[in-house]
Amino acid sequence: MIRPPPPNKQRRFVITGLGGQGKSEICIQVASRMREEFWGIFWVDVDNPSTAERDFIAVAKLLGHTTESVPEALQVLATTYQSWLLILDNADDPEFDYQVYFLAGSHGAVLMTSRVAECRQYSPDAFEVLEGLGEDDSKALLLKAAGLLPESWPSYDHQAREVARLLGSHTLALIQVYKRQRQRLLKYRPKQAQSRYRDVYATFEASADVLEQSRSESAGDALRLLEILSMLGSSVLPLQIFEEAWKGCKRISQGSDEARGINDFSQDHVLQLPSFIVRKEDEWDPFRLIKASSLLASLSLATRHDLDGGVTLSMHPLTHAWAKDRQDSKRQGVAWIVAGCVLGFSRLNTRMWQTQERRLLSHVLFYLDLKVKKAFDLASKTAITSIFLKCGWALLDMRQDTRLDQLLEDIFLELGQNPNKPSEEFLPLYNLQARSLINLGQAVKAVALLEQVVQIQATTLAETHPAWLASQHELARAYQANRQFGEAIALLE
């Protein structure tokens, strides 16, 4: 990885990546295998300024000098003309300028490890981004950690492949994988040969600590964004969804809550949106969102992608699991509502949901993993039903018919409503139920339901009301699906 520096040039190499991927272990291997090629190898932990100062002073002492500060120690190293290798480990603070630890001149070689992707700028021509092991290496590491004899490995090939896939080929997790349950696995601490961070979650928590200790607006925004992402899927999420949520809440803010039904969001939903969606602005300002997402990416807690002309975020499966599990149940409930409001408000841009359907589907499905009964304990019946309806219409558009059918069954159960006998308060829910029945091939039930809906609306709404006209149109579709063509034509006329 590193050779003795050429004349008049200091050789540098930077390794970046998610915590627990083995960056420090690589440095240990480099130091071990190349100890004969350098006159001296010095290891400095730059996790924080105090440990860095301690280690630099220790390096100067090894070189026969007494120093009291980092600059003095660096000067000693700069005037040491033999070939040496300086390892700067754990450069993980995105707010710190690590340039202060690099020596001027051309002497020696420097190897740095960091979770902060921007640290690659210290060696733009020589860096490596660790992104997990390949499938074969992941299986081998897993089976070796399990203590199985190599000759027995072929018998466990399929199981090892599945476990490696579930863990995203994360090095430290693979070593500890024989603890089965996720919480136990990710917090398991072996007695011997411990990683610096001891357990998988601790590697991620170290990055979160950087944000929590910062107390800056951008750090707070990054933590809120992390909570929202934990309620959605780990796959690629278009950041446009936050802009569309802002546009949706602006439209809601211009109306009155008095005329809103169970299908509509209210001012209460607007107030749930994260503060980096600045509601008072007349134009969408992405600045705080960009800073928050960049901070998460810089700490390797998320990955930014430029896809199809837009910015997206994704997370490693283990980081995603940690981001959710680090929150207590109350905080998870708050994050679930916030994420639901973002999804729901963004639904007003049907064009985006159509073009991004493939990417958004996994996020909707993951979001709906929460039990309906538990969701109704988080806020008012009206607020939660509105969120579920937004998600339900998304499932309908995405033709997730079975999942929508189960969701509706659970909602009716928790609301204490008869799915076959509409009530005026929940008519939008019954409209969605009828659409779901048509897609499931149950046209007879859909007709019976919509006839009741239309009858109720005929007594409560004006003949020109959009909701009543929409229900009549759906009833005509149901008639057509049920081969009642005469009734369909009569209704449309």
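## Antiparallel sheet

In β8, T303 has S314 as its bridge partner. This is a predicted model, in which local features need pLDDT of at least 70 and side-chain atom pairs count only at pLDDT 80 or more, while totals for chains, interfaces and linings use all residues. Residues are numbered from 1 along each chain as its sequence is written, and side-chain values use heavy atoms, with hydrogens and water left out.

Strand β7 and strand β8 (residues 310-314) run antiparallel and are joined by 5 bridges; strands are DSSP runs of E with at least two residues, helices are runs of H or I with at least four, and both are numbered from the N terminus. Two strands pair if DSSP finds at least two bridges between them. The open sheet has 3 strands in the order β6-β8-β7, with antiparallel pairing. Its edges are β6 (237-238) and β7 (303-307), each with a single partner strand, so one side of each is left without a neighbour in the sheet.

## Parallel sheet

Another open sheet has 5 strands in the order β2-β3-β4-β1-β5, with parallel pairing. The edge strands, β2 (40-45) and β5 (127-130), each pair on one side only. On average, neighbouring strands of this sheet are turned by 15 degrees against each other, direction ignored.

Strands β1 (residues 11-17) and β4 (residues 109-114) pair in the parallel sense over 6 bridges; R12 has V110 in β4 as its bridge partner.

## Helix packing

Helices α9 (residues 217-231) and α14 (residues 329-346) pack at an angle of about 80 degrees, with axes 8 Å apart. Axes are lines fitted to C-alpha atoms, for helices over the stretch in contact, and angles run from 0 to 180 degrees between N-to-C directions. The two helices α9 and α14 are therefore roughly perpendicular to each other (65 to 115 degrees).

In this contact (heavy atoms within 4.5 Å), R224, E227, I228 and M231 of α9 meet R331, Q332, A335, W336, V338 and A339 of α14. By class, the contact of α9 with α14 comprises 6 nonpolar, 1 polar and 3 charged residues. Nonpolar denotes Ala, Val, Leu, Ile, Met, Phe, Trp, Tyr, Cys and Pro, charged denotes Asp, Glu, Lys and Arg, and polar denotes the others, Gly among them.

Technical notes. Angles under 35 degrees count as roughly parallel, over 145 as roughly antiparallel, 65 to 115 as roughly perpendicular and the rest as oblique.
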